[in-house]
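Morning, everyone. I have one structure to walk through today, and I'll keep it short. Please look at the screen.

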Amino acid sequence: MDSKFNLLYKNSNNIPKFQIKRKPSPVVFNNGGPTARKKIALNLNVQTNNFKNKNKVSIQEQRRKLPIFEKRNKLLELIRRHNTLIILGETGSGKTTQIPQYINSARLQNNGKIGITQPRRVAAISVAMRVAQEVGDAVGVGETVGYTVRFEDVTSPRTKIKYLTDGMLLREAMVDNLLMEYTFIILDEAHERTIHTDVLFGIVKQAQKAREEKKLRPLKILIMSATMDVDHFSDYFNNCRAVYLEGRTYPVNVYYTLTTHEDYQTACVATFFKIHQQAPWDHDVLIFLTGQEEIEAVAQQIRILSRDPDVAGPSVKVCPLYASQPTTQQITVFQPAPENTRKVIIATNVAETSITISGIRYVIDSGMVKARTYHPATGLDMLKVQRISQEQSWQRTGRAGREAEGYCYRIYTRSQYEHMQKSTIPEIQRANLSIVVIQLLALGIHAASFDFMDKPPKDSILAAFEQLKLLGAVETVDSRTLTTLGKKMVQFPLDPRFSKILLSAQEYGCLEEILTIVSLLSGESIFLNPSSKREQAMTSRQKFLSPYGDHITLLNAFRVYNNLGSNSQRSWCHEHYLNMRNMSYAAQVRTQLLEVCQRLKLPIVSCGNDTEPVRKCLLAGLFMNVAELHKEKQYITLDKRQVVNIHPSSVIHGQQPQFVLFTEVVQTSKCYLRGLTTIESQWLYDIVPDYARSHIRFNKDI
DNA sequence: GAGCACTGC
C-alpha cells in the first residue's frame, strides 16, 4: 500500500512547481491503539442543517431527546441556588438553545430579560430563530425570543430571551454599566475568549456586585463553555460551582506521525491519498491548513493526483474553504458529493468554529495556523504561521466525530503535541488595545486596574494610552476619564484613530468623503483580484486610480457605485471586478456612521473633487502612521523608525513620494505598508506641530 | 513586485 502510494507521485508531472517542494515520502502514523482513542468534548456550534425536522418528529419531541432534558430540574435548582454558575457542555448538549427556555418557563428571571451572548452574528441570529420556533410563538422571532446584532435589532418590549453578539452587549454596557435590562446574562462560548467576552467577564462581575451593594434587582451570571479551563474560569468567578453536561459526540481515533514533517502540506496530501484508498467513498475528509494560497495549492495538487489513472479509489470533489471566499463558492462545501465521489474540504480555521459541515469522518490536522499578533513596542501587526494549541487540536479532532465514530490524523508527533501550548493565547493578550482602553474609560475604568481574567501586557495598555493621548482622547496616561473629544470618539464603532478622522472632518469640510473612506476601511477589500484575470481586473478599474493613493481610489470607486440604481450595482461591480458583498457592507457601515455624526450634530459637507482636505483630514487621525522615503524604494516610519516597503497591491507602488500616510503595516516576508495616501510634510507641522517637530527632525538626524 | 487567519461594533 505504501509503495503503491509512492508510485503515484512519479507519474504526476503536471503539478505546478511551487506546490511540491520535495518528493514526498509516505507519512507513517502510530497505530492508534486504545490510548489514542479518546472521547472528546466540544462546544456547541450552530448547525442550521441539524435544525431541519428530518424524521417529522415534533419540535417538542426533539427537545425531550436532548441529553440536557433529563437534567432540567437539577439544573434549574442549581441556577436558583447560585448567582454565578459555570456550565460546561459538550457539543450537541443543547445548552445554548435549552437553558434560556428552561429559565424562562420556570419564571426564574422574575419578569426580567435573559441575555445570551454569541461571538458571531450568524450564531446569534440562527439560534434565536430556532428557539423562537421551539417556544412556539406564532409570530416567530422578535417576540418572546429575539436577537440584536449590528445593523439589526429583532426584539420587542415583550422579548424575554435575547440572543446578541458579545460586542453588542458591550455596547449596551457602555450605556448602562449595571445592565439593568437583564436579570440573567449568559456568556456562551466563553472558551473562545474573544476580546469582547474577556471584557464582558469583568463588566458582568462588576455589575453583579454593584447591583447587590445597591440592593437592586440581582444579576445572575451563567458562563457556558466547552470543557476546558474550568479551574481558570472558576477561580476568576470567586470559586463558583461548575456543572458538566454530556453531549452527543462519537469517539475519534487519533493518530500521530512517527517522525516530524516540516513540509506539512505535502504530508497532508500524502495522508489524504492514504485515506482515500481505504475509506468508503461517502466518508468525507477535512484538512486543516493555514491560508488561502496554501489551500488553493493543495487543492490543485489533490485534483491533479486524483485524476491519475494509477490512483485507486473513487472520484474526488475538492472544496477549498476560507472566510474571504465569495459566498457562492462557500455554498458548494455544504452540497453532498455525487454518488461514488469523495468530498475533501481544505479549510482554514473557519471550519474549526464558524462553519460546521456534516458528513466529515476524517480530519487531517496540519497542526499549523496563521495568526495575527500585535507588538506594542513597534506598533506592528504580524501575520505568522505558527503551531496550534492543544485545545485547538482537540477542537479540530472533534470535527470528525459529529455523526459517527471518526478518525483524526495529526501531522505531528505525540512529542510535538506535548510541547504545544495548552491553550491559545487569549485575543486580549495579543491585540492592539486602543479600543478596549477607550471603551473602559467610557465606563470610568482605567484598563490597568480592570479585573481581567488574564491581564493583557502592560506595554500594550501603555501603548494604547499613549496613542489616545496623542489623539486628544485623554489628558494623561493615568486618566480615568475621557476628554470631550474622547467622549465623542467612543460613540463610533471604530478604532479611535478613525473616530478622530471623522471628528476632524468638520474642520476640513469633507465629512461626506471621509465617511465613505472610513466605511470602506471598516470592511474587507472591495477589489477582486482573481489570479487568472488579474490584467482585466486592473484595466477595468483604471478609471478609479488616483495619483494621491489608495484612499482616494477607494473613494472614486464608491462614488460611482453609490450613484447607480440598486438594480445596476451588481452588474457594474461584476464588470469592474469589485466585490459586491463588501461594497454593500461598506454602504451599511456608512449609514450607521452617518447616524452617529448626525447625533453629534456634525455638518455633513463635501469638498467636491479637491483631494487635499481629505488627505489632510486622514492625517489628523493617522499622523503616527507616516513614513518617509529613506533610500531607493525603502521607507522609514516617523513614529518607531521601522524600515518598511510599499505593498505591491497599492496604487502608489512604483512611485516614490517623499511622504506617505498608511492605514496598516503587516509583516509577512517583509514589512509592508498597506492603504497609502501621499502627503506633504508641511501638513504634519500644521496639524500636529509638536509631533512633527520631534519626529521629523529626529529622523533627519540619522 | 506580494499574496492576509478569524471575528465584531
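Let's begin at Arg193. Arg193 sits in the loop between strand S7 (182-187) and H7. Helices (H or I, at least four residues) and strands (E, at least two) are DSSP runs, numbered from the N terminus.

Before going on, the ground rules. This is a predicted model: local features need pLDDT of at least 70, side-chain atom pairs count only at pLDDT 80 or more, and totals for chains, interfaces and linings use all residues. Residues are numbered from 1 along each chain as its sequence is written, chains are lettered from A and ligands numbered from 1 in the order in which they are written, and side-chain values use heavy atoms, with hydrogens and water left out.

Back to Arg193. Its phi is near 50°, a positive value in a residue other than glycine. Is Arg193 buried or exposed? With a relative accessible area of 7%, Arg193 is buried. Buried means under 20% relative accessible area, exposed over 50%, and partly exposed in between (1.4 Å probe, protein chains only).

Asn239 has a positive phi too, near 55°, and is not a glycine. Asn239 is in the loop between helix H8 (230-236) and strand S9 (241-245). Asn239 counts as exposed, at 58% relative accessibility.

Now helix H7 itself, residues 195-213, where we find Leu200. Leu200 counts as buried, at 0% relative accessibility. What does Leu200 touch, not counting residues up to four places away in sequence? The list is Thr117, Asp166, Leu169, Leu170 and Leu187. Contact here means heavy atoms within 4.5 Å. For a distance across the chain, take Gln325: Leu200 and Gln325 are 125 residues apart in sequence, and their C-alpha atoms are separated by 31 Å.

Follow the contact to Thr117. Thr117 belongs to strand S3 (residues 113-118). Thr117 is buried, with a relative accessible area of 1%. Leaving out residues up to four places away in sequence, Thr117 touches Leu164, Asp166, Leu169, Ile186, Leu187, Asp188 and Leu200.

Next, Lys455. The loop between helix H15 (434-442) and helix H16 (458-471) holds Lys455. Lys455 counts as partly exposed, at 49% relative accessibility. Leaving aside neighbours within four places in sequence, Lys455 is in contact with Gln429 and Phe450. Lys455 and Asp198 are 257 residues apart along the chain, yet their C-alpha atoms are separated by 9.8 Å.

On to the annotations. UniProt, in an unreviewed entry, places "domain: Helicase ATP-binding" at residues 76-246. UniProt positions are in the numbering used here, feature names are shortened, and annotations may be inferred rather than shown by experiment. Over residues 76-246 the chain is 40% helix and 25% strand, with the end C-alpha atoms 16 Å apart. The unreviewed UniProt entry also gives "domain: Helicase C-terminal" at residues 267-444. That span, 267-444, is 32% helix and 26% strand, and its end C-alpha atoms lie 53 Å apart.

Last, the whole chain. Chain A has 26 helices and 22 strands. Its radius of gyration is 27 Å, close to the 27 Å that the globule rule gives for 702 residues, so chain A is as compact as a globular protein of that length. That radius is taken over C-alpha atoms, and the rule is 2.2 Å times the number of residues to the power 0.38. The C-alpha trace of chain A spans about 75 × 70 × 50 Å along its principal axes. Buried residues make up 56% of the 702.
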